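Here are my notes for you on this one. Have the sequence and the model open while you read, and go point by point.

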Amino acid sequence: MIERDAYMNRLIRSMWNGEIKVITGIRRCGKSVLLFDLFYEYLLSQGVPEDHILKIELDQRRYYRFRNPITLCEYVENTVRDRKDEKFYLLIDEVRLTAKMVDRENGGIEVTVYDMLNELKAYKNLDVYVTGSNSKGLSKDIATEFRGRATQIHVFPLSFAEFYAAVGGDERKALDTYMLYGGMPRLLALEDDKDKKDYLTSLYSELYVRDIVERNGIEREDNVICMEVFNLEVVCCLWTFKQFMLNLFDNNILAIEHDENITGFEVNRACPTLDGRIERMHRCTSTHSSWQLCFLPGASDNRRHPW
């Protein structure tokens, strides 16, 4: 099992801090392993009884009933309510899979898992941990749902240090492999180059692109792919939001509404002009949302492009 010491240390420091611990990150980056294997084993090593760790994996059939947040809340409350002198840990995987339900016992109001978890947080003998990622989990929305009463731990794919600690051997060769294929944990179990490429391709097309399409309500998935190709072609150029917008309007590409949350973006490779690239992309662009994919907040508006 790959050690994720930096994230484990954050989890350990956050224990019993009175907040819900929300583990976010892109799909397949190791969130579930972190919580349900590494952290679970740590709790056992600290003498926590196994029946005091409530593990609920909502993507597993035996836990489907807990996708109803009211059922989930009642199950946990029945477990911890009358045992106030004992400490319990609640671990929930794939919180996104829960449904909104109507609480008929309380005036027919609509409740979500976030309402239920915020209610459970009131139990002083319960420490709550959840994971979440999907079209919603692409940003910090999941943590936001807890109304500022959560500790967010954002997990990334393996760093090179984590990758090399797992594979060992020649450091230069390991770095070449890491630079070529990246740090998705599943890759360590694949030896054949074709298998690695097929795995990464499936992640890209079947998960990440579809999540972006769902999140932004984009009608045509090929728009997203075209914009990503465009983004790669201008990599390493430094642009401000204003400069890029002027280029688009000057070339009559399309009208884009200004988004005050986007201050600029950086891309990384010197190129003399965008005109030809924009012209090629024009045929498959139509929405404001797809153009947003090229923007990376943080570029200073007083910088100039290098040509």
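1. First, a word you will need throughout: a contact means heavy atoms within 4.5 Å. In this chain, residues 24 or more positions apart account for 75% of the contacts with a separation of 6 or more. Keep in mind that this is a predicted model, where local features need pLDDT of at least 70 and side-chain atom pairs count only at pLDDT 80 or more, while totals for chains, interfaces and linings use all residues. Residues are numbered from 1 along each chain as its sequence is written, and side-chain values use heavy atoms, with hydrogens and water left out.

2. Now the overall inventory. The chain has 12 helices and nine strands; helices (H or I, at least four residues) and strands (E, at least two) are DSSP runs, numbered from the N terminus. Of its 307 residues, 44% count as buried. Buried means under 20% relative accessible area, exposed means over 50%, and partly exposed lies in between (1.4 Å probe, protein chains only).

3. Which residues have the most contacts inside the largest nonpolar core? They are Leu90, Leu117 and Leu126, in a core of 26 residues. A nonpolar core here is a set of buried Ala, Val, Leu, Ile, Met, Phe, Trp, Tyr and Cys residues joined through side-chain atoms within 4.5 Å. Elements giving two or more residues to this core include β1 (20-24), α3 (69-80) and β6 (126-132). Apart from it lies another core, of 20 residues, with Ile23, Cys29, Phe36 and Leu43 among them.

4. Zoom in on Leu90. Not counting residues up to four places away in sequence, Leu90 touches a list of partners including Leu54, Ile56, Val76, Leu117 and Leu126.

5. Next, look at α3 and α4. Their axes are 8 Å apart and the helices pack at an angle of about 15 degrees. Axes are lines fitted to C-alpha atoms, for helices over the stretch in contact, and angles run from 0 to 180 degrees between N-to-C directions. The two helices are therefore roughly parallel to each other, a label for angles under 35 degrees. On the α3 side, the residues in contact include Ile70, Cys73 and Val76, and on the α4 side they include Val113, Met116 and Leu120.

6. Stay with α4 for a moment: is it enclosed or open? Six of its eight residues are buried, so α4 is largely enclosed by the rest of the structure. The buried ones are Val113, Tyr114, Met116, Leu117, Asn118 and Leu120.

7. Check two backbone spots. Trp16, which is not a glycine, has a positive phi of about 55 degrees and sits in the loop between α1 and β1. Arg28, in the loop between β1 and α2, has a positive phi near 65 degrees. Most residues other than glycine have a negative phi. At 27% relative accessibility, Trp16 counts as partly exposed, and Arg28 is partly exposed at 46%.

8. Finally, find Ile53 in strand β2. At 6% relative accessibility, Ile53 counts as buried. Its C-alpha atom is separated by 4.8 Å from that of Tyr89, 36 residues apart along the chain. Ile53 also touches Tyr40, Leu43, Leu44, Val48, Tyr89 and Leu91, not counting residues up to four places away in sequence.

Terms used
Angles under 35 degrees count as roughly parallel, over 145 as roughly antiparallel, 65 to 115 as roughly perpendicular and the rest as oblique.
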